[in-house]
Amino acid sequence: MKIRIIALLSLLSVSFLAHSQNQPASRLSRDSILIGDQIDWIIPVEIEKGESYHIELPDDPVAQGVETIEKMKVDTVSNSRGKMKIEGRMKLTSFDSGSYFLPPVIVMLERVDGKIDTLFLDGPTLEVTTIPIDTATYELKDLKGQIKYPVTFKEIFPWLAALVLLAALVYLVVRIIKNRKENKTFFGKKIVQDPPHIVALRSLDKIRGQKLWQNGKQKQFYTGVTDALRLYIADRYGIVTLERPSGEMLEELSQQGIDEKLFAETSELFSRADLVKFAKYSASNEENEETIPVAVRFVNSTYMKDIEEEK
């Protein structure tokens, strides 16, 4: 039994050596490198047509002190006369000087007849060197101070541009606020506002054109009419009218010397409007039709009275 095992091992050794002799050894792309440089570990394999192979990748790191920059990539170098030459490449580096023995590479070959052969390609030695120091002429010197480079316009320009933009923005904001207080446009032109009676008559004419009460919208109709009158009264007489009960407003308005008949018509209009808005009162068509004329008559009469008094 012992003799048979020795004979089998001898046969395997002969087969391995025969195949290994036909295969080139793995190599490095250079003899040595400086610290931090990169080098290619080349693993060549040659197979016959119809054969297949498998390269067992070494562990990572391939050696203590050696780092893998790129994993193995396999390329076909040549393919002629029934033989295919293949190269596997790994990119390595090291950051410490010394000699590093790379491990052997195992290549499994499957022959055309189905036999499996194992090849062991010896690993090369990686020499990592450093720049030698000439101790004979080497002289220690003091550390140099930090170099101060002059500031360039290219470096200052973004800050100048940001400062100019900020100043322009502040100027625009100040000018807008100032002109608004002085009732001017952005360019300083005086804003001419229409007199109160023109604004009121324009609003009443717009409400007439909307035909609100004709379409069953009495509440919106009376709200629009009374709001137009409230704004007119506030601008003409300086009476606080908005967000105020109609009774209080009319009481203060009665002290402005308005014609009694005109004041009575206006008071009736506000009373009817309050009933429509707050008591769900439905005004008749005659009442609706006379609402706009009463409001227009109030505006025109009070305006003309002020004109006559000024004359």
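This is a predicted model: local features need pLDDT of at least 70, side-chain atom pairs count only at pLDDT 80 or more; totals for chains, interfaces and linings use all residues.
Which residues are exposed on the other side of H3? Residues are numbered from 1 along each chain as its sequence is written, and side-chain values use heavy atoms, with hydrogens and water left out.

Helices (H or I, at least four residues) and strands (E, at least two) are DSSP runs, numbered from the N terminus. Helix H3 comprises 15 residues, 196-210. His-197, Ala-200, Leu-204 and Ile-207 are the buried residues of H3. Viewed down the helix axis, these buried residues fall within an arc of 90° and so line one face of H3, the arc being that of the directions from the helix axis to the C-beta atoms. Lys-206 and Gly-209 are exposed on the other side of H3. Buried denotes under 20% relative accessible area, exposed over 50%, and partly exposed in between (1.4 Å probe, protein chains only). Just after H3, Lys-211 adopts a positive phi of about 50°.

An open sheet of 4 strands has the order S1-S3-S6-S5, with antiparallel pairing; two strands pair if DSSP finds at least two bridges between them. Strands S1 (27-28) and S5 (67-80) stand at the edges with a single partner strand each, so one side of each is left without a neighbour in the sheet. S1 is joined to strand S3 (residues 38-48) by 2 bridges, and the two run antiparallel. The bridge partner of Arg-27 in S3 is Ile-42.

Strands S8 and S9 pair in the antiparallel sense over 6 bridges, with Leu-109 opposite Asp-117 in S9. The two strands form a hairpin with 5 residues between them, and Gly-114 in the turn has a positive phi of about 95°. In a regular strand the side chains alternate between the two faces of the sheet. Arg-111 lies in the loop between S8 (105-110) and S9 (116-121). Arg-111 is buried, at a relative accessible area of 15%, and its side chain makes a polar contact of 3.0 Å with the side chain of Glu-51. A polar contact is a pair of N or O atoms within 3.5 Å; within protein, one must be able to donate a hydrogen and the other to accept it, and residues adjacent in sequence count only if both atoms are side-chain atoms.

A search of the whole structure finds 3 aromatic pairs. One of these is tilted, because the rings of Phe-153 and Phe-157 have centres 5.8 Å apart and planes at 50°. Rings of Phe, Tyr and Trp (its six-membered ring) pair if their centres lie within 6.5 Å; planes under 30 degrees apart count as stacked, over 60 as edge-to-face and the rest as tilted. Phe-153 and Phe-157 are 4 residues apart in helix H2 (residues 153-181), a separation of about one helical turn. Phe-153 is exposed at 59% relative accessibility, and Phe-157 is partly exposed at 47%. Tyr-232 and Phe-298 form an edge-to-face pair, 6.1 Å centre to centre with 85° between the planes. This pair links distant parts of the chain, 66 residues apart, with Tyr-232 in helix H4 (residues 218-237) and Phe-298 in helix H7 (residues 285-310). Tyr-232 is buried at a relative accessible area of 1%, and Phe-298 is buried at 0% relative accessibility.

How values were computed:
The expected span of a helix is 1.5 Å times one less than its number of residues.
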